[in-house]
Amino acid sequence: MNTLTVRPSRLARLRVICLALPEATEKLAWGDPTFRVRDKIFAMQKGNYEGGRPSLWLKGADGAQAMLVEAEPKRFFVPPYVGNKGWLGIYLDGTEPNWGMIRDLIVQSYQLIAPKRLVAALAEGAPQKASSKGERRAPRAPK
């Protein structure tokens, strides 16, 4: 039996944060939701299988991975496959996540992955373009 182990409300909250970013889309890959800008992944929600530990993987700024994993190893981890490229894992199970911090880390990951023009549009608060190819979009997150 394949059970989604992340709480639906947490995945919904991740969608609101990620899809509010300029030209961000969601695409299912490897059985998990990935969040992309121009088809480059900036965040992915992992652990959606029986016995899996729900988590969020995202690109970290230089030094962020080591600092956060060392400071809070029960919350942060080095994800397999992409951890050697500076990606950071955040566990989403257990107590309520710190959504402000998660939002900041998602935005930072987006800024590291997105083209400069879109990063500038994010800073200016530019409206997002409509998505194509039937990809999932969400309204801008309230501030």
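In this predicted model, the charged end of K46 sits over the ring of W57, with 5.2 Å to the ring centre. A corresponding placement is found for R53, whose charged end sits over the ring of Y91 at 3.5 Å from its centre.

F42 counts as buried because its relative accessibility is 0%, and Y110 counts as buried because its relative accessibility is 0%. The other pair, F77 with Y91, is stacked, and it links strand β5 (residues 76-77) to strand β6 across 14 residues. F77, at 14% relative accessibility, falls under 20% and therefore counts as buried.

| Aromatic pair | Centre to centre | Angle between planes |
|---|---|---|
| F77 and Y91 | 4.4 Å | 25° |

The largest nonpolar core has 28 residues, and F42, L56, I102 and I106 are those with the most contacts inside it. Among the elements that give two or more residues to this core are α1 (8-19), β3 (40-46) and α4 (116-124), while its largest share, eight residues, comes from α3. A second, separate core of six residues includes M44, W57, V82 and W87.

Helices α3 and α4 pack at an angle of about 145°, with their axes 8 Å apart. V107, Y110 and Q111 of α3 meet L118, V119 and L122 of α4 in this contact, which by class has five nonpolar, one polar and no charged residues.

Terms used:
Residues are numbered from 1 along each chain as its sequence is written. This is a predicted model: local features need pLDDT of at least 70, side-chain atom pairs count only at pLDDT 80 or more; totals for chains, interfaces and linings use all residues. Side-chain values use heavy atoms; hydrogens and water are left out. A nonpolar core is a set of buried Ala, Val, Leu, Ile, Met, Phe, Trp, Tyr and Cys residues joined through side-chain atoms within 4.5 Å. Buried means under 20% relative accessible area, exposed over 50%, partly exposed in between (1.4 Å probe, protein chains only). Helices (H or I, at least four residues) and strands (E, at least two) are DSSP runs, numbered from the N terminus. Axes are lines fitted to C-alpha atoms, for helices over the stretch in contact, and angles run from 0 to 180 degrees between N-to-C directions. Contact means heavy atoms within 4.5 Å. Ala, Val, Leu, Ile, Met, Phe, Trp, Tyr, Cys and Pro count as nonpolar, Asp, Glu, Lys and Arg as charged, and the others, Gly among them, as polar. Rings of Phe, Tyr and Trp (its six-membered ring) pair if their centres lie within 6.5 Å; planes under 30 degrees apart count as stacked, over 60 as edge-to-face and the rest as tilted. A charge sits over a ring if NZ of Lys or CZ of Arg is within 6 Å of the ring centre and within 35 degrees of the ring normal.
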